[in-house]
Amino acid sequence: FFIKNSPADIIRNSAIDACAQCTEAYDSKNANPYTKFFCETAFDVLEDGIMNENYKKLPYGSLLTGLGFGNSSTTLGHALSYVYSNEGISHGHALAFTTAVAHKFNNSEFYERFKLLVKKLNFKPIKLDQDLNEAAKIIQLDRKHLDYNPKNVSKKDIINLLSIINT
């Protein structure tokens, strides 16, 4: 089983990415009852696998995630993450924090549960080196993710969210 011999960082980053994908897609404006079903089920499976360290559940949860988010869309958390990844922070690691603040901003029902997973997976805090105003300009261009976000997002909102992550 490939996960058994995978480095811990790969497992952590992949697992939290799948959790971010399914929870953001559940909240997406493009979601429908079918994608919501897949996304909610995926999160339940992934959460159980992570919290109980039963990593055999991660591939199944990831499969369900793909069926859900592939037919709706990820949202603000992913839009925020790429400026961190561009500075060398792994995508999953960035999502641990960007999706958490996005969930709080969006009043997502997954916010508290997602935060518990980030804590369980023991992600270290991240900080953006570039100017937050410049980063916000880049993020604002990501219409694919921002247009499907359940709430409208302004440049001021983006700067505020990046500031929260950076503290």
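Which residue just after α2 takes a positive phi? It is E53, at about 50°. This is a predicted model, in which local features need pLDDT of at least 70, side-chain atom pairs count only at pLDDT 80 or more, and totals for chains, interfaces and linings use all residues. Residues are numbered from 1 along each chain as its sequence is written, and side-chain values use heavy atoms, without hydrogens or water.

**Helix α2**
- At the N-terminal end, N32 caps α2 through a side-chain oxygen 2.8 Å from the backbone nitrogen of Y34.
- Buried residues (under 20% relative accessible area; exposed is over 50%, partly exposed in between, with a 1.4 Å probe and protein chains only) of α2 include C39, F43, L46 and I50.
- The buried residues of α2 pack against α1 (8-27), α3 (58-69) and α6 (111-121).

**Residue L67**
- L67 lies in helix α3.
- L67 counts as partly exposed because its relative accessibility is 37%.

**Residue V153**
- V153 is found in the loop between α8 (143-146) and α9 (155-166), and is buried at 18% relative accessible area.
- Not counting residues up to four places away in sequence, V153 touches L76, F105, L146 and I158 (contact means heavy atoms within 4.5 Å).
- V153 and L76 are 77 residues apart in sequence, with 8.3 Å between their C-alpha atoms.

Definitions and conventions
Helix = DSSP H or I, 4+ residues; strand = E, 2+ residues; numbered from the N terminus. Polar contact = N/O pair within 3.5 Å; in protein donor to acceptor, adjacent residues only side chain to side chain.
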